[in-house]
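The sequence and the structure are shown first, and the description follows.

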Amino acid sequence: MFEDGEDVAGIAGCESPEEVEAAAYDQGWQGFAVRVLDADGDPPSTTERLARYETAKEIYNYLIAMRSAWIHEERSKATPDETVIAKLIAEQVELRQTSDALGYNDTAGIEHVISTLGPVVKRDGDELRRQSS
């Protein structure tokens, strides 16, 4: 267990604060305050923390919106698959609940969302842009 204020920058081969936060989340350390410092050794400003929080919330919003689009597509079919629709609605509910539970001070959770779900959103967004071109 880490002592309060202990430097954890080298944990599990992590090279950045974001990797430390994601590793902390993956290890189930959500209740621990992991101190994140910028390149100058200063903690992030309130503005920087708020920007990361809003980014994580927007990732959830995008994932929820994508499921809405998929539900619409499925319902537009001549014979919609109600099982698929129910699954997508359940995923939306879970995403909303998880998003609602994400707190501004949950640095590890925020970094986990950005590092794991952010690439999914980027990949899906890139795919949509290719399809619409």
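## Contacts of Ile59 and their setting

In this predicted model, Ile59 touches Val113, Ile114, Leu117, Gly118 and Val121, when residues up to four places away in sequence are not counted.

Ile59 is among the buried residues of helix H2, together with Tyr53, Ala56, Lys57, Tyr60, Leu63, Ile64, Met66, Arg67, Ile71 and Glu74. Helix H2 covers residues 46–76 and has 31 residues. From its first C-alpha to its last, H2 reaches 45 Å, close to the 45 Å expected at 1.5 Å a residue.

Ile59 also belongs to the largest nonpolar core, which has twelve residues in all. H2 provides the largest share, six residues.

The chain as a whole contains four helices and zero strands, and its pattern along the sequence reads α-α-α-α. Among its contacts with a separation of 6 or more, 65% join residues 24 or more positions apart.

| Property of the chain | Value |
|---|---|
| Buried residues | 29% of the 133 residues |
| Accessible surface | about 8,800 Å² |
| Part of the accessible surface belonging to carbon and sulfur atoms | 53% |

How values were computed. Residues numbered from 1 in each chain as written. Predicted model: local features only at pLDDT ≥ 70, side-chain atom pairs only at ≥ 80, totals over all residues. Heavy atoms only, no water. Helix = DSSP H or I, 4+ residues; strand = E, 2+ residues; numbered from the N terminus. Expected span 1.5 Å × (residues − 1). Buried < 20%, exposed > 50% of the residue type's maximum accessible area, 1.4 Å probe, protein only. Core = buried A, V, L, I, M, F, W, Y, C linked by side-chain atoms within 4.5 Å. Contact = heavy atoms within 4.5 Å. Areas by Shrake-Rupley, 256 points an atom, 1.4 Å probe, with all protein chains shown as cover.
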